[in-house]
Amino acid sequence: QVQLVESGGGSVQAGGSLRLSCVISGYTSRIAYMGWFRQAPGQDREGVAASYTGGGFTYYADSVKDRFTISLDTAKNTVYLQMNSLKPEDTARYYCAATARPLFPHTITSIADFSNYEDLYWGRGTQVTVSS
């Protein structure tokens with residue numbers, strides 16, 4: 001049914017930038033929110049950014065505010081994560097995710113809500129490594 005494929009990861013030095021992309025195929029009409037998680041080895045999974053697919057609402061983890069930007073291209077069924085001023089602590093595998101049920105606006109009102117939502121489609125991830 002729904003498939004998410006991430007790309008754009010790589011290795012950069014601290015202060016550099018990367019742009020992640022996630023293309024969604026399949027039955028996409030019911031997807032209300034899309035976003036990004038990350039997880040480093042031995043660490044908990046962390047919600048990074050999320051966006052309402054109808055427009056107007058974006059949410060970020062405090063650790064990435066003012067550095068990362070999530071954006072959508074609904075015509076291409078693609079979500080992006082622009083990552084600037086990267087830090088070594090940003091090193092992780094980054095996963096794209098999308099809600100699997102239709103949801104009204106304001107059902108998710110924070111990155112915590114997105115992180116706690118259980119019915120998600122998942123991509124397989126793309127690695128981001130930031131060296132000092």
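Trainee: Why is Ser-115 called partly exposed?

Mentor: The model is a predicted one, and in it Ser-115 has a relative accessibility of 27%. Buried requires under 20% and exposed requires over 50%. The value of 27% for Ser-115 falls in between, and therefore Ser-115 counts as partly exposed.

Trainee: Where does Ser-115 lie, and what does Ser-115 touch?

Mentor: Ser-115 belongs to helix α1, which covers residues 111–116. Leaving aside residues up to four places away in sequence, Ser-115 touches Phe-37 and Gly-47. Phe-37 is 78 residues away from Ser-115 in sequence, while the two C-alpha atoms are 8.0 Å apart in space.

Trainee: How do you know that Asp-90 is buried?

Mentor: The relative accessible area of Asp-90 is 1%. The cut-off for buried is under 20%, so Asp-90 is buried. Asp-90 is found in the loop between β8 and β9 (92–99).

Trainee: What makes the pair Asp-90 and Arg-38 a polar contact?

Mentor: The side chains of Asp-90 and Arg-38 are joined at 2.9 Å. A polar contact needs N or O atoms within 3.5 Å, one able to donate a hydrogen and the other to accept it. The 2.9 Å distance is within that limit, so the pair counts as a polar contact. Arg-38 is also one of the residues that Asp-90 touches, as are Arg-67, Phe-68, Ser-85, Val-128 and Val-130, not counting residues up to four places away in sequence.

Trainee: Why is Ser-29 called exposed?

Mentor: Ser-29 has a relative accessible area of 73%. Exposed means over 50%, and therefore Ser-29 is exposed. Ser-29 sits in the loop between β3 and β4 (33–39). Ser-29 and Ala-14 are 15 residues apart in sequence and 38 Å apart in space, from C-alpha to C-alpha.

Trainee: What makes β3 and β8 paired strands?

Mentor: Strand pairing requires at least two bridges. Strand β3 (residues 18–25) is joined to β8 by 6 bridges, so the two strands pair, and they run antiparallel. Within this pairing, Arg-19 stands opposite Gln-82, and Val-23 stands opposite Thr-78.

Trainee: How many bridges join β3 to β1?

Mentor: There are 5 bridges between strand β1 (residues 3–7) and β3, which run antiparallel. Ser-7 stands opposite Ser-21 in β3.

Trainee: What joins β7 to β8?

Mentor: Strand β7 (residues 68–73) is joined to β8 by 6 bridges, and the strands run antiparallel. Ser-71 stands opposite Tyr-80 in β8. The strands β7 and β8 form a hairpin with 4 residues between them. As for its covering, strand β8 (residues 78–83) has 5 of its 6 residues buried.

Trainee: Are Asn-77 and Asp-66 buried, partly exposed or exposed?

Mentor: Asn-77 has 32% relative accessibility, between the cut-offs of 20% and 50%, and so counts as partly exposed. Asp-66 has 84%, which is over 50%, and so counts as exposed.

Trainee: Which strands pair with β9?

Mentor: β4 and β9 pair in the antiparallel sense over 6 bridges; in β9, Met-34 has Ala-98 as its bridge partner. Strand β11 (residues 126–131) is joined to β9 by 3 bridges, also antiparallel, with Gln-127 as the partner of Arg-93. Strand β10 (residues 120–122) is joined to β9 by 3 bridges in the antiparallel sense, and Tyr-121 is the partner of Ala-98 there.

Trainee: Why is β9 described as mostly covered?

Mentor: Buried means under 20% relative accessible area, and 6 of the 8 residues of β9 are buried, so β9 is described as mostly covered.

Trainee: Which classes of residue line the largest pocket?

Mentor: The lining has 4 nonpolar, 6 polar and 1 charged residues. Among the lining residues are Ser-29, Met-34, Asp-73 and Asn-77. About 150 Å³ of space lies in this pocket.

Notes. Residues numbered from 1 in each chain as written. Predicted model: local features only at pLDDT ≥ 70, side-chain atom pairs only at ≥ 80, totals over all residues. Heavy atoms only, no water. Buried < 20%, exposed > 50% of the residue type's maximum accessible area, 1.4 Å probe, protein only. Contact = heavy atoms within 4.5 Å. 1 Å grid on protein atoms, 1.4 Å probe; cavity = no way out; pocket = protein on both sides within 12 Å on 5 of 7 lines; lining within 4 Å. Points joined across faces, edges and corners; volume = space filled by probe spheres on them. Nonpolar A, V, L, I, M, F, W, Y, C, P; charged D, E, K, R; others polar.
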